[in-house]
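Me: I would like to learn how to read a structure, feature by feature. Please give me the general idea each time, then the case at hand.

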Amino acid sequence: LPDEAELRADIVRLRAENNAVILAHNYQRPEVQGIADFVGDSLGLSRMAARTDADVIVFAGVHFMAETAAILNPEKTVLLPDLRAGCSLADTVTAQGIRDWKAKNPGGLVVTYVNTTADVKAVSDYCCTSGNAVQIVQSLPEGVPILFAPDRFLAAHVIRETGRQMDVWDGACHVHEAIRPEDVQGQQAAYPDAELLIHPECGCSSRILSAIPDLQLYSTEGMIGRAKTSAAQEFIVVTETGMVTRLEHDVPDKTFIPVSRTACCEYMKMITLENIRDSLLNLQPRVTVPEDIRAQALKPIERMLAIG
Ligand code: 13P
Ligand code: SF4
């Protein structure tokens, strides 16, 4: 295996030669977060993808995120260093599924989480991320049916926060769904002074919330903001384990305890320094979206970026 310092030097050189930018999600491996130009949540990454003037975007994340960057930047080369980096949540819904759902609910507005394929975005009215889902739903006109897909736990959070009625798709992320209330309670018993940072995709959130009704839930980026401003010194991080890397980096004077070491997204971890280097060397594998789908999928993303 090549030396890590050598790999990093190659990436830095190839990034400059190709006028490339490396965007990494908060769940990426520590060494990948370390080489990235920008590390953030899905919303922050979409915003960066919309405004970058680089010619090449290397997406250290999963396929739907690279697709979102390609939708926003048809003229740029978007690289996903391992095309197998998918998403179990995005896999729970298809464009045909949304079309059938709309046919059964005429006049309904479809709000889809950014964790969906370009095909699904193309038949959606609005996109949202965990960072702005509440704001997006609040902005919709009263009295219009809302169809929310695909994450049922994020949907429950949005319904709680907005009081709006929504029809909800029955999807979930396998990593967040598997985090049990008992995992949270076990860590609370071990670290009684720690504050909880819970992501709304978590399966445990509804039961934990019924015990602590004023508890806030946070997108991955929201966790950074909360950890910085909270008086607490210790935090139990109830999401994918990569988040602990980002929190430790940005808030070095505080302690972060993962809820469970097994809350690990194997798709996110498929991106490595080796395949980032190779992708910059070969300008492959690329993620592209057919123009007709791209034009349709851009609308809900632009509506989202305009609102929140
Ligand atoms: P956010 O980064 O938007 O909080 O989403 C988490 C996630 O699961 C992305 O795959
Ligand atoms: Fe998808 Fe879950 Fe992995 Fe996020 S953590 S990319 S929602 S499978």
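The dialogue below takes up a ligand site and then a strand.

Me: How should I treat the model and its numbering?

Reply: This is a predicted model, in which local features need pLDDT of at least 70 and side-chain atom pairs count only at pLDDT 80 or more, while totals for chains, interfaces and linings use all residues. Residues are numbered from 1 along each chain as its sequence is written, and chains are lettered from A and ligands numbered from 1 in the order in which they are written.

Me: Which residues come nearest to ligand 2?

Reply: A residue is near a molecule if its C-beta atom, placed from the backbone, lies within 6 Å of it. There are 13 residues around ligand 2, and Cys87, Ser88, Leu89, Cys173 and Cys265 come nearest.

Me: Where does UniProt place the feature "binding site"?

Reply: UniProt positions are given here in this numbering, with feature names shortened, and annotations may be inferred rather than shown by experiment. The unreviewed entry places "binding site" at Cys87, Cys173 and Cys265. These span 179 residues in sequence, but no two of their C-alpha atoms are more than 9.4 Å apart, so they gather at one spot.

Me: Is Cys173 buried or exposed?

Reply: A residue is buried if 20 or more other C-beta atoms lie within 10 Å of its own, exposed if 12 or fewer, and partly exposed in between, with C-beta atoms placed from the backbone. Cys173 has 27 such neighbours, so it counts as buried. Cys265 is buried too, with 22 C-beta neighbours inside 10 Å.

Me: What does Cys173 contact?

Reply: Two residues are in contact if their C-beta atoms, placed from the backbone, lie within 7 Å. Leaving aside neighbours within four places in sequence, Cys173 contacts Ser88, Leu89, Asp151 and Glu201. With residues up to four places away again not counted, Cys265 touches Tyr27, Val175 and Glu240.

Me: Which strands pair with β1?

Reply: Helices (H or I, at least four residues) and strands (E, at least two) are DSSP runs, numbered from the N terminus. Two strands pair if DSSP finds at least two bridges between them. β1 pairs in the parallel sense with β3 (residues 56-60) over five bridges, and Ala20 stands opposite Val56. Three bridges join β1 to β2 (residues 38-40), also parallel.

Me: Why is β1 described as largely enclosed?

Reply: Six of the six residues of β1 (residues 20-25) are buried, so the rest of the structure largely encloses the strand. Ala20, Ile22 and Ala24 are buried on one side, and Val21, Leu23 and His25 on the other.
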